[in-house]
Amino acid sequence: MQRHLISAADLSRDDAVLILDTAEEMARVADRPIKKLPTLRGRTVVNLFFEDSTRTRISFEAAEKRLSADVINFTAKGSSVSKGESLKDTAQTLEAMGVDAVVIRHGASGAPYRLANSGWIDAAVINAGDGTHQHPTQALLDAFTMRRRLTGRDAGLGQDLSGRRVTIVGDVLHSRVARSNVDLLHTLGADVTLVAPPTLLPVGVGSWPCEVSYDLDATLPKSDAVMMLRVQRERMNAAFFPTEREYSRRYGLDGDRMARMPEHAIVMHPGPMVRGMEITAEVADSPRCTVVEQVANGVSIRMAVLYLLLGGNEPAVTHARTTEEK
Amino acid sequence: MSKILIRGAKVLGGAPQDVLIDGEIVAEVGDGLNAEGAEVVEAAGKVLLPGLVDLHTHLREPGREDSETVLTGTRAAASGGYTAVFAMANTFPVADTAGVVEQVWRLGKEHGYCDVQPIGAVTVGLEGRKLAELGAMHESAAGVTVFSDDGKCVDDAVIMRRALEYVKAFGGVVAQHAQEPRLTEGAQMNEGVVSAELGLGGWPAVAEESVIARDVLLAEHVGSRVHICHLSTAGSVEIVRWAKSRGIDVTAEVTPHHLLLTDEMVRTYNPVYKVNPPLRTERDVRALREALADGTIDIVATDHAPHPHEDKDCEWAAAAMGMVGLETALSVVQETMVDTGLLDWAGVADRMSFAPARIGRATGHGRPVSAGEPANLTLVDTEYRGQVDPAGFASRSRNTPYEGRELPGRVTHTWLRGKATLVDGKLT
């Protein structure tokens, strides 16, 4: 494992499988009456959020607390950042307070990379989403969800996603989730197809390790998992598509379309969903939709990542009595 | 002023000759010239060029003296072998009146390191709406002949047409920063394979090419000359080549960094590579080099763009666009054009001195190294190789993309009208 987690593309197949397997161990903790491990006791993690994202921050916070880390939440609003302080100064200020890891969400693509590679700070950096670049823990929790649903909780251990067919639908252009998923799913051996109107695919997508299609209906029967991306209504005003209705008709997932998917296939969504836009309520609320599981799995994955980056060599979960640390 | 004998220099890369400077003038060029009464500069093995002329420099004064001043910028110029620089108009206040251009011109004269020829804004405040007083700037002491809204494109086709027409009255030229604004909203880097991966807003080649295509056609229609700033794409090269073949009076420049660097560098998210127009692809770099060699691109211009450290020591999106270039330009041109066999030193003299002086009508610059000409000269140790160390820059800013990179060539001497501004690599 590397010292930081910046991009899903940085993970080898073995790294990724190790994280997924570790996350399964972490998930068992959630089934205990006391959902807490002492692994990161005495370590301090800061959640440095320059962009509003309540879900991701809460997910990281839950993971950190279950590992007994001391947690500092820092949001840009109302802080010195809004008064013009630079990313560098903010990071150095936090490190001076003795932070071991920085979980960063930032609107600028590459901000976590800069934080990790500019010599500004020594702490481990975990990317919690940067601009339209990467969101590696989202890709990991998605892969974890797919492996559980398609292969099985125990049968999946040690396994990658070889041969699984994953279709990602929607605003790929502005999506860090899509980029991270393409990278990680490719590393894990899955076959990825992106489906979007051509306006919402980046120029240069041809070099990505995936297929591209404009035809959702043709792709659905060949999918083991269909991941719907959120499409912001405002995109309509920048001529990415004519109207919300036309988008839904051509690229939205409704009950009829879901029926074309193979029986075992699942519907995923990174949230927050725009019901009636990319996904109908019927699909969102169906048992094939894994949205709520993805949220639960997110905590396990983030625990696994924090443990593997910070926890060193001690076992994450001790199965004997209570843990006595030396 | 006394006499200086430059002994045994390869004039424009040719056979070794002696060059005698007397006062402000080149007195004699020949073999075995009499050194009596002259200070001798031994120049065996070195190449003597006409003083370099930069048609595209940002000196930042007035307004951003924290990044550069006329003094520090002209010292950087002398250090890089330049004897004349054209100072871009995007200062604070904007150089859109006779008063501002005269101030910049006077500062250059007072400091004496390099002639400073101000460029006037095309439109008031660079806003693209109303023509600045182009005639007044031309008639001022600064004698402005080049007009540019550089940093912003003269986007409005009618304003561009009028500007092209208007400056004909006094032999001026409009230098266009070709960037279609709507296609480049939020643009952070070249749009292509790398931007798709990095998730940075794309600056498509077509945003440059479409404006160049429009402007060469406008220039043809109204019978004006037009200059295209910092060409960066293979497509732009094709359009300029086509325009020239039609007899359109267009000239074009390329920066040293677009001859050497590609958008692959952006993978580091290091804003030192953030520049406008952005670094393009390997294919573009090849096309630009070939076009500079065959004359489709007329000149090398630095687009020297100093920025304070804090404006680059940050995340990519927050960083300023631009690179310093005066002190590394000749080395980059040697690396990309001379050492690759694409251009000889006479060609370098043309692209970096004769042609820019001609386009900008810089009197007394870009002249042949021969008797009776102004002694604006640059002596280069072309055998030298060394790592770029920004700490040694004369510029106030350090935002170079070449830190630590080994480059060939080093300017050892620069003379401005017979007065040494740089001796053995040290500013006087």
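Start with helix α6(B), and select what covers its buried residues: the cover includes α4 (157-166), β10 (173-176), β12 (202-203), β13 (226-228), α7 (234-245) and β14 (250-254) of chain B. Helices (H or I, at least four residues) and strands (E, at least two) are DSSP runs, numbered from the N terminus. This is a predicted model, in which local features need pLDDT of at least 70 and side-chain atom pairs count only at pLDDT 80 or more, while totals for chains, interfaces and linings use all residues. Residues are numbered from 1 along each chain as its sequence is written, and chains are lettered from A and ligands numbered from 1 in the order in which they are written.

**Helix α6 of chain B**

Select residues 205-222 of chain B. The buried residues of this helix include A205(B), E208(B), E209(B), V211(B), I212(B), D215(B) and L218(B). A residue is buried if 20 or more other C-beta atoms lie within 10 Å of its own, exposed if 12 or fewer, and partly exposed in between, with C-beta atoms placed from the backbone. The end C-alpha atoms of α6(B) are 26 Å apart, which agrees with the span of 26 Å that 18 residues should give at 1.5 Å a residue. The expected span of a helix is 1.5 Å times one less than its number of residues. Next, select G223(B), which follows α6(B) and has a positive phi, near 70 degrees.

**The three-stranded sheet of chain B**

Now select β6, β7 and β8 of chain B, which form an open sheet in that order, with parallel pairing. Two strands pair if DSSP finds at least two bridges between them. β6 (52-57) and β8 (115-118) of chain B are the edge strands, each pairing on one side only. From one strand to the next, the twist averages 20 degrees. Axes are lines fitted to C-alpha atoms, for helices over the stretch in contact, and angles run from 0 to 180 degrees between N-to-C directions.

Four bridges join β6(B) to strand β7 (residues 82-87) of chain B in the parallel sense. Two residues are in contact if their C-beta atoms, placed from the backbone, lie within 7 Å.

Colour chain B by domain: domain 1 is 3-47 + 373-427 and domain 2 is 51-360. Such bounds come from an automatic or database domain assignment. The centres of the two domains of chain B, taken over C-alpha atoms, are separated by 26 Å. Where they touch, domain 1 of chain B gives 28 residues and domain 2 of chain B gives 41 residues. On the domain 1 side, β16 (377-387), β17 (406-416) and β18 (419-423) of chain B each supply at least two residues. β17(B) gives the most, with six residues.

Keep these strands selected. β16(B) and β17(B) pair in the antiparallel sense over eight bridges, and R385(B) has P408(B) as its bridge partner in β17(B). β17(B) and β18(B) are also antiparallel, over three bridges. W415(B) has A420(B) as its bridge partner in β18(B). The hairpin of β17(B) and β18(B) has two residues between the strands, and R417(B) in this hairpin takes a positive phi near 45 degrees.

**Where chain B meets chain A**

Show both chains: 17 residues of chain B and 20 residues of chain A make the contact. On the chain B side, helix α5 (residues 193-198) gives the largest share, four residues.

**Chain A**

Finish with the open sheet of five strands in chain A, in the order β7-β6-β5-β8-β9 with parallel pairing. β7 (211-213) and β9 (266-268) of chain A each have a single partner strand, so one side of each is left without a neighbour in the sheet. Strand β8 (residues 225-228) of chain A pairs with β9(A) over three bridges, in the parallel sense. A225(A) stands opposite I266(A) in β9(A). Last, select helix α6 (residues 176-187) of chain A, which lies across β5 (165-169), β6 (191-195) and β8 of chain A and runs at about 160 degrees to β6(A).
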